[in-house]
Amino acid sequence: MYEYEGMYVSGKWSPTSGPEIEVRSPADGELLGRVSEATAADVDVAVEAARAALERGPWSRSTPAERAAAITALADAIESRTKVFADVVSAEVGSPRKWTTFGQLATTLGVYRSCAAIVPDYEFEAKRPSVMGGEVVVRRLPVGVVGAIVPWNAPLFTAALKMAPALAAGCTIVLKPSPDAPLGLSMLSQCIEEAGIPPGVINIVSGGVETGVALVAHPGVDKISFTGSTGAGKQIGAACAQDVRRVTLELGGKSAAVVLDDVVVDSTLIKGLVTGVMANNGQICAAQTRILLPRSRYDEILEPFAAAVAAMRIGDPAERDTEVGPVINVASRDRIETAVAAAIEAGARAVAGGSRPEGFDEGSYVSPTVLADVDNDMAIARDELFGPVAVVIAYNDDDDAVAVANDSEYGLAGAVWSADPERATRVATRMQTGSVSINSPAPLDFGSPFGGFKKSGIGREGGPEGIAAYLESQSIIL
Ligand code: NAD
C-alpha cells in the first residue's frame, strides 16, 4: 500500500481539506494506495508556496548551471529508485511490467537528462544590434508559476516533459497528477528532496477535474501546461484565454503508420507496427493506430501483422511475460468494446481480437484487436480510442497514402516504413503531424520538439523549443 496523505507543498506533506482518493489496480480492483484530494483552498496554498519560491527563494537567484545540476540530481534520484517506480507505475496504470522500465522510466530519465544537457549553453540573454542604431539586450525570463496538469497513462514521463523545461527556465511548479495514477508522482517528493531542489519549487496537489479547474483559474498561476484529452484541452484553453494566461496543450491523436509498397516484410516491420500501436496497452497519445497498407501488398502485410497481434500474451501487468495488460478502468474497456462492435457492424473485419479475452472478466481487459478493411471515414478511424486497437486502411499510391494520413482532425505523430529511407522521408515531410519516425515506431526524440498539429495541441515539449515555452522575452533597448 502506498499512502500519501495531504499535498506536497513547500517541501513537506501537509493535510488537505478534500476527501481521500482510493487508487485501485485496473487488473483486479485491488486497493493499491490512497492520496488526498486538494480543494480550491488547498490549491491556493500550493500556488502561494510556488509564488513565494519564485519571488523570494534561492531558486530565483539560481544560475543555468545550478538548474541543470538540480535537474540531473532529480534524474539521479529517480534512476536510483527505478525498480520501485516501475512497480508502482505498472500497478496503477496497468502497463506491462516488462515494458515499464523502458517505456515509463528510461523515457522519463531521457527527458530530464537531455534537458539538463542543453541548459548550461541555452541563450537566456543576448545582445543584438538595433535596427534603429545602438543595441538591444533580449532577455529570456521565467514565465513564472506553472500549473502542470498530466494524464494517467504515462505519469512520470508526461510530468518530466513539463518539469524539466520549467525548472530549466527558472520557473516554479504546481503539479497535478491524474486521480487514476497519482502514486508514482507522489513518490517523486522523495526525489525532489534528495535532489536538493528548494522547498516550494515543485509542489504536488492530487485530485480530479475540480482540482484542475481551480489550478487553471488561479490568478497566481502564470502558465498552464496541460497534457490530456482534446475535450479537456479545449475547456482549459478557453479558461486560460479569459485571463490571457499562457498555455501549452498536448492533446490526443490518431496517428498513421504508412507502409510504402517497397517495404521488406520482416520481423522489424511487424514488431514495429505492433509496438507502435500496442505499447502501454494502446494507451499512448502518439500510438500509430491507423495502419495504412498499399492495396498491392495488403494481404501480404496484414496477415503477419494480425497473427503477431493475436499471439500477444494478455495478463496481469506484474507478470514478466505479459505483453498486454488491462486498460485503465472498466468505463474505458466498455467504451472501447462499444466502438469496436460499432466498427464491425459498419463493415470492419476483425482479424485479431474483437471481443473480450476469455478468462478475463475481472479487471478491465480488452483483446488486442486488428480491424481490417476500414474506411478512413468510419468513426473507428477518426476518434481516438486509447486502447489496444489497430485499424487497417488500404491506399492506392503515395499521394493517396499522404491524403489518408492527413485526413484526420489530429496530427501528433506517425511513421513511414520503406526500403528506401529517402523516399520515406519525402513522404514524411508531406504529413501534417508533429513528429514522424522512419522505419521505427519511436514517437519522439527527447532532445527535439514534440507536440501536435491541428487538434493534437498547441505548443511543443522537448528540446530547446520545450524550454522556450517557459520563458518570456524582454527587450532592453540601449
Ligand atoms: P483527461 O483529459 O481526462 O485528463 C487529463 C488531466 O486533466 C487529468 O489530471 C484530469 O484530472 C485533468 N482535467 C480533466 N479535465 C480538466 C479540466 N476541465 N480542467 C482542468 N483539469 C482537467 O485525459 P486522460 O484520460 O487522463 O488521458 C488520456 C488523454 O491524454 C488521451 O486523449 C491522450 O491522447 C492524451 N495524452 C496526450 C499526450 C500528448 O503529449 N499529446 C500524452 C499523453 C496523453
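A polar contact is a pair of N or O atoms within 3.5 Å. The views below show a predicted model.

**View 1. Polar contacts between the ligand and the protein.** An N or O atom in the side chain of glutamate 384 lies 2.6 Å from an oxygen atom of the ligand. For lysine 176, a polar side-chain atom is 2.9 Å from an oxygen atom of the ligand. Glycine 228 contributes through its backbone: an N or O atom there is 3.4 Å from a ligand oxygen. The protein buries 89% of the 840 Å² that the ligand exposes when taken alone.

**View 2. The shell of residues around the ligand.** The ligand is surrounded by 29 residues. Val150, Lys176, Ser229, Leu251 and Glu384 are the closest. By residue class, the shell holds 16 nonpolar, 10 polar and three charged residues.

View 3. Two or more residues of the shell come from each of helix 7 (209-217), strand 11 (223-227) and helix 8 (230-242).

**View 4. A nonpolar patch on the surface.** Val131, Met132 and Ile477 together make a nonpolar surface patch of about 420 Å². Of these residues, isoleucine 477 belongs to strand 23, which spans residues 471-477. Isoleucine 477 counts as exposed because its relative accessibility is 58%, and the cut-off for exposed is over 50%.

Methods:
Residues are numbered from 1 along each chain as its sequence is written. This is a predicted model: local features need pLDDT of at least 70, side-chain atom pairs count only at pLDDT 80 or more; totals for chains, interfaces and linings use all residues. Side-chain values use heavy atoms; hydrogens and water are left out. Patches are made of residues with over 30% relative accessible area and no salt bridge: like charges are joined within 9 Å, nonpolar side chains (Val, Leu, Ile, Met, Phe, Trp, Tyr) within 5 Å. Accessible areas come from the Shrake-Rupley method with a 1.4 Å probe; for residues, only the protein chains shown count as cover. A salt bridge is a side-chain nitrogen of Lys or Arg within 4 Å of a carboxyl oxygen of Asp or Glu. Helices (H or I, at least four residues) and strands (E, at least two) are DSSP runs, numbered from the N terminus. Buried means under 20% relative accessible area, exposed over 50%, partly exposed in between (1.4 Å probe, protein chains only). A residue is near a molecule or strand if one of its heavy atoms lies within 4 Å of it. A polar contact is a pair of N or O atoms within 3.5 Å; within protein, one must be able to donate a hydrogen and the other to accept it, and residues adjacent in sequence count only if both atoms are side-chain atoms. Ala, Val, Leu, Ile, Met, Phe, Trp, Tyr, Cys and Pro count as nonpolar, Asp, Glu, Lys and Arg as charged, and the others, Gly among them, as polar.
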